[in-house]
Structure formats: structure tokens, C-alpha cells
Amino acid sequence: MAFPINDLTGYFSGEWQLAREIVDVDGAAMGEACGRATFTAQGGVLVYRESGELQLGAHRGPFVRTLHYRPAGAARAAVHFDHGGFFHDLDLATGEWTADHPCAADWYRGAYRVLDDRRWEQEWVVTGPAKDHVITSRFTRADA
């Protein structure tokens, strides 16, 4: 059962441990990542930053990503890339949300699920001519 959110900024703000797995469409492991994610309120925007180490096939190295969650109500936000482009909408009033994002000829179908006040998950199924895999990220609150 999902955990409803009535204060998206309050729920996400702070530091999270991040564990990510990447598998192909048949479930075979392709890679994994671990690190930290933070949400920081800055000028009416919730800035998401993640960093850590990625292992993908023979490659092993650092990764970073920044997204901007622009609140649009108690449980809602418009998520944008750090360059300003729109990524997807988000509404966690029920604790679950599905989002779609076209990326060139590929298609991203995302699913958010809030498990409780300290854990949430995000899964992206990526299909298309260039990509065909599933990325699952699990977040656990790191701060007190």
C-alpha cells in the first residue's frame, strides 16, 4: 500500500541514501549505482541532486544528476532538467504516480511509489531503438 503525501516539499527535503539497479528487459543485470540524493528548497524550487558511483557493464565511475521539482500544490510538482527542459509532472497525493517522457526515439515510463515516511521508490522502463532496460531506484532517508 502506498503512503499518501500531503506536503511534497516537506517529505522530500533532506538527504537520502540511493540504491539503483539497471536490468535489461529480460531481467538480466546490466549495472548498479549507489550514492546520496538531496532535496534542497531554493527560491521556490526543490532542487534534487544525486551523486555516487555507477557500475554499468565494464564501466565504473562517478555519476551526478540535478533535477528541479517546481511545486504546484501540496503533493504536486513539475519536474524539470537542470537545463530547464520539462521532464514530467508529479502528483503524490495517493503516494503513487506514473509519468511518461519521450527522449528522442525512446520512451521513458516512470512510476513513483512512496512506501512510508522514510522510503520511496522510482522505476523507469525505457524502450526504443537506442535503449531497452529498467532502472529501479530505492531511496531511504539518511538524515535524522
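Which side chain of opposite charge is nearest to aspartate 106, and how far away is it? Select the two: the partner is lysine 131, 4.6 Å away, and aspartate 106 is buried (under 20% relative accessible area; exposed is over 50%, partly exposed in between, with a 1.4 Å probe and protein chains only) yet has no salt bridge. A salt bridge here needs a side-chain nitrogen of Lys or Arg within 4 Å of a carboxyl oxygen of Asp or Glu.

Before moving on: this is a predicted model, where local features need pLDDT of at least 70 and side-chain atom pairs pLDDT 80 or more, while totals for chains, interfaces and linings use all residues. Residues are numbered from 1 along each chain as its sequence is written, and side-chain values use heavy atoms, without hydrogens and water.

Stay on aspartate 106 and show the backbone nitrogen of alanine 130: the aspartate side chain reaches that atom at 3.1 Å.

Next, pick alanine 104. Its phi is positive, about 55°, although alanine 104 is not a glycine, and the residue is exposed at 83% relative accessible area.

Now for the salt bridges; a search of the whole structure finds nine. Then jump to aspartate 100 and arginine 109, with closest N and O atoms 2.4 Å apart. Here aspartate 100 is partly exposed at 30%, and arginine 109 is partly exposed at 41%.

Methods:
Lys and Arg count as positive and Asp and Glu as negative; His and the chain ends are not counted. A polar contact is a pair of N or O atoms within 3.5 Å; within protein, one must be able to donate a hydrogen and the other to accept it, and residues adjacent in sequence count only if both atoms are side-chain atoms.
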